[in-house]
Amino acid sequence: MVSHGGHGFNAMRSMRRGDAKLAQTKLTKGMFGRILRFARPYRRDMTIFLVTVVLAAGITVATPVLAGDVVNEITGDGDQAVVVRIGLLIGVLAVIEALLSLANRWYSAKVGEGLIYRLRRDVFSHVQSMPLAFFSRAQTGALVSRLNNDVLGAQRAFTSTLSGLVSNAIAVVLTLAVMASQSWQITLLSLVLVPVFLVPAKMVGRKLATLTNESFELNARMNNQMTERFGVAGALLVKLFGRPDREVDEFSRRADRVRDIGVTTSMYARTFIVALTLVAGLAQAVTYGVGGWLALDGTLSAGTVVTLALLLTRLYGPLTALSNVRVDVMSALVSFQRVFEVLDLKPLITDADDAKPIPDGPARIVFEDVRFAYPDAEQVSLASLEDVARLEKIESGTVLNDVSFTVEPGSLVALVGHSGAGKTTASMLVPRIYDVTGGSVTVNGLDVRHATSRSLKDTIGVVSQDSHLFHDTIRANLAYGLSDAAEQDMWRALERAQIAELVRRLPEGLDTTVGERGYRFSGGEKQRLAIARLLLKSPRVVILDEATAHLDSESEAALQRALAEALEGRTALVIAHRLSTVRDADEIVVLQEGRVAERGTHDALVARGGIYSELYRTQITHDSLPPV
C-alpha cells in the first residue's frame, strides 16, 4: 500500500474548487496590503500556527530517514542499542507530530473563526447602515452569500490555503533535498514521472472547474427558487395560480443535472486518486529496482533505498497541490475582494460630525423648499448583488419639488394625493430613511441631517402600510419598540390597539409565535400588533402610512378611537389613501407630481372644488355603490 498522507485528496479538492473565471478576475490595487492589515490582530497566533506547520513538515521528512537508518543498522550488524534509540526517537517524533497537529488545529481554528466572526460582524453591521434603496435592489440570497460563502472563502486564505502552501512547499523542498543527498540519480529518475502525472492532472482540473462552476450556478438557482417558493407569499402565489407541478419539474431538471455532475466529478476524483497512487507506485518500483541494483553493487545501502522509497510516497501529493495552489490563492483573494466591495460601499446616511440630539419638548416638523431625487444605482448598489453585468444608468428624476409645510406640536397633518405623488417619500425624509436633495426637514429647529440617529429613532415612530413582524413571539416583536418594556405596559399597548382580547385568548399569550412576517395573523391583526409596538415606544412624533388600510369598518372605527387617544399631545404626520380617515386632520396637504398643490382643512378643500374635492367625491361615490 502507498500512503499519501491525504495530499492526493487535498489536491483533488483544490482542483474541484477551481473556477475557470478566476483566471480573468482582476484584483483591486492594494488588495494584499489590505488583507495583511485586516489580519494584523492575529499575527501572533498565525506565527505560532505557521511554526507548527513547518515543524510538522520537517518531521514528515525526518521519519523516513530514521527508518532507513534502522534498516542500515539491521543489515550491517549494527548495535541493538542504536536500533532501540532510533525506534524511540521515531516514537517521540510521532508523539510530537500528534501534539503539533493538535496545536496546529487549535491555532488554525482560533485564527479562522476569529476572521469569520470579524468579517461577518463587519459586513452585517455595514449592511445595516445602508439606505433602503440598497435593499430594494440587492438580491437577499446574494447578500447572505457574502456573509456565508465568501466569508468562509476569505477565512480559508489564512488557514487551509496558507498552511497547505507552506507545508507542501517545505515538504517538497526538504524531500527533494534529502533524496538528492541520498542519491541524485534515483531522484532524477523519480522526477521523470512527474510530468506524466501533472499534465493530465491539470487537464482534469480544468474539466472539473467547468463542471463545478456549472454545479454552483445550478445550486444557486435552486437555492433562490427554494427561498422564494418556501416563503409564505411565494407559496401562496404558487398555490393560487396552480403551478406546483411546473415548479417541481423546473427544480427536478436542475437537481438532475447536479446529480449527473456529482457522479461525473466523483469518477474524475477517483480516477485522479488511482492515477496518483499508480504513478507513486511506479516511482517506488523504479526506486526499488534501481536502488536495489545499486545496493547490491555496493553503491547504496539498503537503508538508503528504503528512505528513498518512503520519501517518494510524500512527494507527489504536495507537488500536485502546489501545481494547483494558484486556484486556491485566487479563490481566497476573490472572496476577500467580494467581501471588501460590500464594505467599501459607502452608506448615504451617517451621523454628522457635529450631530446633536433632537431638542426636548413637543415636536415641530418643518419642510422647507424640500427637493428630493432617489440616489443612482452606483451610489447604493453593486452589480454583483443584483446579478447583472452592469448597473443601470437610468436616473429616477426629481420626486419632490419645493415642498414646504409645517406640522405644529401636537397637531395632525395628512398627506394625500394620487398614487406616486410623493407622499410616502416625503414621510421617509423625517426619520432620515433618505436625505433631502435640496432644502431641509427640521424637528424642533434642528435639521435632521445634523441630528444623532439615536435621538431620531427615539423621537419618531412609524407604522407603515405593510408593517413587518419578525418570526418570533408577540412579546419579542413588541419589545423591538422598547426593549425594557414591562409586561403590564405591553398589555396596556395591546388594549389601546384593540387587540389585547385576541392575544389573551391565545394558548401561549404574549409568547405566541407570529410566524414568518406575521402571517399567522390576519392583515388587520398584524397591523394592530404593529400599532401596539408603536404605542409601547410612545414617541413624540408619529408617522402613519395608511396604518388602518387592512382593517374592516368595525376594527377601523375602534382603532381610530385608540389612535386619537394615543396621538393626543403628539405630532402626527399621516399618509392617507382613504380620505374619510383624515377628515378631522388639523391640515391636509395635497401633493401632485411631487409638489404641494393644495393645503387646508377638509371642509375648506372640499369647498374649493380642486384636486382634493375630486378625490374625495370619487371615493364617496365608489364607497356608496352597492356591492356587485
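Axes, in what follows, are lines fitted to C-alpha atoms, for helices over the stretch in contact, and angles run from 0 to 180 degrees between N-to-C directions. Good morning, colleagues. The model before you is a predicted one.

I begin with helix 3 and its partner helix 12. Helix 12 covers residues 302-312, and the two helices pack at an angle of about 155 degrees, their axes lying 7 Å apart. Angles over 145 degrees count as roughly antiparallel. Helix 3 and helix 12 are therefore roughly antiparallel to each other. The crossing of helix 3 past helix 12 is right-handed.

Which residues make this contact? From helix 3 come Val61, Pro64, Val65, Ala67, Gly68, Val71, Asn72 and Thr75. Helix 12 contributes Ala302, Gly303, Thr304, Val306, Thr307, Leu310 and Leu311. Sorted by class, the contact has 9 nonpolar and 6 polar residues, and no charged ones.

Is helix 12 largely enclosed or largely open? Of its 11 residues, 8 are buried, so helix 12 is largely enclosed by the rest of the structure. The buried residues are Gly303, Thr304, Val305, Thr307, Leu308, Ala309, Leu311 and Leu312. Gly303, Thr304, Thr307 and Leu311 are buried, and these residues also belong to the contact with helix 3.

Helix 3 has a further partner to consider. Helix 3 spans residues 43-75 and helix 4 spans residues 80-128; their axes come within 8 Å and cross at roughly 160 degrees. Helix 3 and helix 4 are therefore roughly antiparallel to each other. Here helix 3 passes in a left-handed crossing, whereas its crossing with helix 12 is right-handed. The contact of helix 3 with helix 4 has 22 nonpolar, 5 polar and 5 charged residues.

Six strands form an open sheet, in the order 6-7-8-3-9-10, with mixed pairing. At its edges are strand 6, residues 460-463, and strand 10, residues 595-600, each pairing on one side only. On average, and ignoring direction, neighbouring strands are turned by 20 degrees against each other.

Within this sheet, strand 3 (residues 412-416) pairs with strand 9 (residues 587-592) in the parallel sense, over 4 bridges. Ala414 stands opposite Ile588 of strand 9.

Which helix packs on the sheet by touching strand 6 and strand 7? That is helix 22, residues 523-537, and the strand 7 in question is residues 541-545. The direction of helix 22 makes about 175 degrees with that of strand 6.

Thank you for your attention.

How values were computed:
Residues are numbered from 1 along each chain as its sequence is written. This is a predicted model: local features need pLDDT of at least 70, side-chain atom pairs count only at pLDDT 80 or more; totals for chains, interfaces and linings use all residues. Side-chain values use heavy atoms; hydrogens and water are left out. Two strands pair if DSSP finds at least two bridges between them. Contact means heavy atoms within 4.5 Å. Angles under 35 degrees count as roughly parallel, over 145 as roughly antiparallel, 65 to 115 as roughly perpendicular and the rest as oblique. A crossing is left-handed if the near helix is turned anticlockwise from the far one by less than a right angle, and right-handed if clockwise. Ala, Val, Leu, Ile, Met, Phe, Trp, Tyr, Cys and Pro count as nonpolar, Asp, Glu, Lys and Arg as charged, and the others, Gly among them, as polar. Buried means under 20% relative accessible area, exposed over 50%, partly exposed in between (1.4 Å probe, protein chains only).
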